[in-house]
Amino acid sequence: MSLIQIVNLKNIKMVFRNIARVGFFTTIQYVISDLLFDFKYRIDTINTKMLDELEIDSPNKAHGRYYEGTNAYIFKTAFSHVKIDAPNSCFVDFGSGKGKAMFMAAERGFLKVIGVEFSIELVEICRKNLEIFKLKTKSKTEFEIIHLDAAEYEIPAEADLLFFSNPFDEALIAKVIDNILKSLERFPREIVAIHLYPQGNMAFADHPRFHLEYKWEDGFVFRLSPNNKR
């Protein structure tokens, strides 16, 4: 990933958007953390992709958001408020894009990391990034990249941290929540759900089964328990 590839109109627009939202110095912190991550591993996660640029064969395309890699600083903030035994846990990223959140989860030592993505183009970029990441890190994390619409994904028994970095709208998250509850009923366990950049999407926050553990300007951390039947 070269500097020329990163400095483009879309990324510049994103920088100015963030300056308006969180201020100049916080934006610089975000940009530096993202640049350092991609340069560290020589991968491509920083460049934004709009949905109309991508090949997506799904009836839920209209419910999706554009691709923007999860900010490394915000990811770290979220996990500073998550209580989970990563070496014995499975992380699932819904709308995994180019794989950045997957790689950051692996850095934290998760036993298994799963990415679910409905764009074949992003899946292919993620696979390339993953090969580079594994070569450079010798990570012991087990990875799985699934090309599938999130609404159709059957959540496995091992999945206990579910990650959403503003991948799609409230209507589609509601469908995923139904799948989460079906998985919980079949395989009772504690589940942590992280929802970043909600932008008014309150599908998790308004659901009675999800207990809010932490809230800040960039998202929510929830815990779902089989004992909470409200």
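## A chat about Thr45 and a few other residues

User: Where does Thr45 lie?
Analyst: In this predicted model, Thr45 lies in the loop between α3 and α4, the latter covering residues 72-79.

User: And is Thr45 buried or exposed?
Analyst: Thr45 counts as buried, because its relative accessibility is 0%, and the cut-off for buried is under 20%.

User: Which residues is Thr45 in contact with, leaving aside its neighbours within four places in sequence?
Analyst: Thr45 is in contact with Phe37, Asp38, Tyr67, Gly69, Lys98, Lys100, Phe103 and Asn129. With Asp38 there is also a polar contact of 2.5 Å between the two side chains.

User: How far apart are Thr45 and Asp34?
Analyst: From C-alpha to C-alpha they are 8.4 Å apart in space, while in sequence Thr45 and Asp34 are eleven residues apart.

User: Changing topic, which residues make the nonpolar surface patch?
Analyst: Phe24, Ile28, Ile32 and Leu36 make that patch, which covers about 380 Å². Phe24 belongs to helix α3, residues 24-41, and is partly exposed, with a relative accessible area of 47%.

User: What about phi at Asn166?
Analyst: Asn166 has a positive phi of about 50 degrees, although it is not a glycine. Most residues other than glycine have a negative phi. Asn166 is found in the loop between β4 (159-165) and α7 (170-186).

User: Where is Gln199, and what is its phi?
Analyst: Gln199 is in the loop between β5 (191-196) and β6 (210-216), and its phi is also positive, near 50 degrees.

User: Which of the two is buried, and which is exposed?
Analyst: Asn166 is buried, with a relative accessible area of 10%, whereas Gln199 is exposed, with a relative accessible area of 60%.

Notes: Residues numbered from 1 in each chain as written. Predicted model: local features only at pLDDT ≥ 70, side-chain atom pairs only at ≥ 80, totals over all residues. Heavy atoms only, no water. Patch = residues over 30% accessible without salt bridge, like charges linked within 9 Å, V, L, I, M, F, W, Y side chains within 5 Å. Areas by Shrake-Rupley, 256 points an atom, 1.4 Å probe, with all protein chains shown as cover. Salt bridge = Lys/Arg side-chain N within 4 Å of Asp/Glu carboxyl O. Helix = DSSP H or I, 4+ residues; strand = E, 2+ residues; numbered from the N terminus. Buried < 20%, exposed > 50% of the residue type's maximum accessible area, 1.4 Å probe, protein only. Contact = heavy atoms within 4.5 Å. Polar contact = N/O pair within 3.5 Å; in protein donor to acceptor, adjacent residues only side chain to side chain.
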